[in-house]
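Colleague: Could you take me through this structure? I would like to start with the strands and then turn to the loops.
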Amino acid sequence: MRRALPALLGCALAVMGSRRLVAQDSQFGVRGLGAPGTFASVRAWSTGGAFAAFDGMSSLTDAALSSVTRLTAAATSVDDYRRVNDGTNQSSLRSSRFPMLQVAGPVFGNLVVGGGFSTYLYRSYRIEVPGTIVIRGLPENYVDTFGSDGAVTDLRLAAAWSFSPRLVVGGGFHILTGSSKLTANRVFSDSSAYLNAAQTEEESYDGLGVSLSVLATPAPNLRVSGFLRSDNRLRAEVSGFQSAKNDLPTTFGAGIQWTVTPEVKVAGALTHANWSVSSASGTAFNTTNWSVGGEFGRSSLPVRIGVRGGQMPFGPGPTAPTQLGVSAGTGFIFSQGRGILDFGIEHLRRTGGGLTENGWILMAGLTVRP
Amino acid sequence: MRIGRPTLLALGLVAAMMACTEDATAPGKCPTFCPGGQLRVVDTILNVISRDSSYVGYVQPDSAQEMLAANAFGFDSRPIFLLGPVGTRVLLKPDSTGDTTTVPYLSVDSATLVLQIDRRDTLASNLTISLYRLPKSIGPSTTLADLAGPFTDSLLRTVNVDSVLHLAGGIDSTTGDSVAVLDSATGALKVKVSLDSLQANFLASDSGRRAYGIRISADSLAIVSFASVRGSGGPTFRWWGTFDSLGTKVGRVLGISVNLFNSFVSNVGTPTVDSNLVVGGVPSARSLLRFSIPRGIRDSAQVIRATLYLVPETAPAGLPGDSIIFALTRVSTDLGAKSPCVPDPFDPLSTSCVPPGPGDSAFVVEASAHVGRADTIATDITRIVRGWAADTAAPQALMLRGTPEGGNLVPLRLFSSRTPAFRPSLHITYVPRFSFGSP
């Protein structure tokens, strides 16, 4: 197995290197700021996100870093296959992304420091809009294509301090950065009469955020977590000029995890974010999302299942779009525990404003503890 | 649990295959599921041409690609050419490396003149070529009036091109003349005129140096363009002689005369330049159009179509049904009359301009004006305008020149910006800059 580790790392790098760091996550993010990320590792995502508040390799809470007992690095790779139905058109979409990389490890005493990046908002999409316009007295058919290829990325530096075996407090500093390649094209059917118009710009983002969390163990088999995160605003620049500035939400939530037996763990979490402070075009809604999941079996080959649901922050209708996901997954420990390979799958359904998204998300994660 | 290396490789391969798929294009349901903003199209006619000027004297008749012959509609134009001397000795077996001894001619028996007709009206029946001997003193300053005498009393041969063309094989076995079609689309012909020894009249004293003139006639529409040396090849004149080959008389080509000078003389005067624009004619005239496209359009918008409108001052004269072709070429530097056009990118060291043709419409486009009609000339210059947007340092100017230059007796006259009602204008359709970034 020791000899297999380099091959495994090579495979992982090939996977990560072959894809762009962006993806289209949801049509519900086209009109607003984007589709929020999950901040969950593959392990936590496979449980519907319910374990994210207790997973050191998820970036949802900082206090969870306390579960990292030695230097650990984890990367996540995701592919999604979605079917979008707006009542008139139906299309199949595929995308790949590399939404998270985290590194953490104990520094001294009870302090664990970690950091990395995760996707804060997905801003990748490509929309085709056909139309007809009368130019020079004649109708001309055209197809407009609007695209965005990029994301807002959350760079996090966090620390967790264990005051006692029963109480951990964590805090983090977040830099929101990233960029999107924006395109707008018009292609005329009669290309001999009218040349195509194509415009490309680079849009960059910046913002700041802080997070606080607490992880308590009131009973030997019970852990509870509370977390709060506040981001100031998202500023967008195109060609060096500010094009938009939107307030970002304050997010808070709580989670509970019960270790029934060493081979049965269940958890649940609730998160709320006041996205309505955003002045983004379209309608922004406050969101409340929940998740319930469990991990069963030996740690070397567990079975994970989970359910999550709630709302999406941006949508056209009077109410927020809703989402419901059912997930499952497993993982393999190898190389005497120095490496973990996690796999997961989730079926996700999102509805709102007359549009329905159904899709499968395939996840792969690699955790290395050298 | 142990996982074998092959298993890991297989997992990695599957993951890599999954990673290679991306299809993010979806039909938009606007405006609810589309990004804000819309692409707009603006269509407008701009009077952005100013300081337009005409200049004359670029291509003289003796440097034109065509030798124009006309005998209709009041035009009288006659090609003239001067042939150089030939040697008096030849190799009887020039292809043999062992034959190094030259032999003098015994007699000069005949000569053949080959002419190429590039352009003609196929409806011109009984098109006839008359060949005259001219004085060897002809040159660039020779006028039609100077040659009135020789064109009256020095006729050598007359060939009815139509008659010979319709003979079997296009060959007149009696005279030795022949006519062959070079290009059925353009009507280009190759005409061979045979001269006997008397008509050829080889004089040893000047080694066959000769000057000839051509006059054409037809039942109607007698306007023809002969290829010149600067075009696809000037007249080819071969002297045929008899030689002694070890006591046997054999016939050989004595020599092929070099074209020392070819031109044409006509009763059409030099184009006059006034407040309007002139293109073409002989000596040829060019017009320079200077554009001042608003920076908001040139730099920020995307031009999807640009049409240049030019209004003829008068209907162009010439063959009915024919057209006057002219090229609109970008200039690399605006130096007025001496503005050089953009060089040929495939031959940057040459002084020639980009030739009109497919794929180079970013530098040069062709336009045409119908003879006898004063319709507005609409020319698509979209790629040229886009070229100005791509290279904002490039002068926004177009040089209008006849195609081929010196290939039309009568110039095309166009209204200039000094005639507001009929000034050149630019019909431009563009997409203004799309405002991104308002998530």
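This is a predicted model: local features need pLDDT of at least 70, side-chain atom pairs count only at pLDDT 80 or more; totals for chains, interfaces and linings use all residues.

Colleague: Let us begin with chain A. In which sense do β15(A) and β16(A) pair?

Modeller: Strand β15 of chain A, residues 287-296, pairs with strand β16 of chain A, residues 303-311, in the antiparallel sense. Eight bridges connect the two. Within this pairing, Ser291(A) is opposite Arg308(A) of β16(A).

Colleague: How many residues lie between β15(A) and β16(A) in the hairpin?

Modeller: There are six residues between them. The turn includes Gly297(A), whose phi is positive at about 100°.

Colleague: How many bridges join β16(A) to β18(A)?

Modeller: Nine bridges link β16(A) to β18(A), a strand made of residues 322-334, and these two run antiparallel. Here Gly309(A) has Leu324(A) in β18(A) as its bridge partner.

Colleague: And where do side chains point in a regular strand?

Modeller: They alternate between the two faces of the sheet.

Colleague: Now for chain B. How many helices and strands does it have?

Modeller: Chain B contains six helices and 25 strands.

Colleague: How does its radius of gyration compare with that of a compact globule?

Modeller: The radius of gyration of chain B is 31 Å, whereas a compact globule of 439 residues would have a value near 22 Å. Along the principal axes, the C-alpha atoms of chain B occupy a box of roughly 105 × 75 × 40 Å.

Colleague: What percentage of chain B counts as buried?

Modeller: Of its 439 residues, 41% are counted as buried. As for contacts in chain B between residues at least 6 apart in sequence, 79% of them join residues at least 24 apart.

Colleague: Let us move to the loops. Is the peptide bond from Val282(B) to Pro283(B) cis or trans?

Modeller: That bond is cis, with omega near -10°. Pro283(B) sits in the loop between β17 and β18 of chain B. The bond from Thr403(B) to Pro404(B) is also cis, with omega near -10°, and Pro404(B) belongs to the loop between β23 and β24 of chain B.

Colleague: Which value does phi take at Ser239(A)?

Modeller: Phi of Ser239(A) is positive, about 55°, although this residue is not a glycine. Ser239(A) is in the loop between β10 and β11 of chain A.

Notes. Residues are numbered from 1 along each chain as its sequence is written. Chains are lettered from A and ligands numbered from 1 in the order in which they are written. Two strands pair if DSSP finds at least two bridges between them. Helices (H or I, at least four residues) and strands (E, at least two) are DSSP runs, numbered from the N terminus. The radius of gyration is taken over C-alpha atoms; the globule rule is 2.2 Å times the number of residues to the power 0.38. A residue is buried if 20 or more other C-beta atoms lie within 10 Å of its own, exposed if 12 or fewer, and partly exposed in between; C-beta atoms are placed from the backbone. Two residues are in contact if their C-beta atoms, placed from the backbone, lie within 7 Å.
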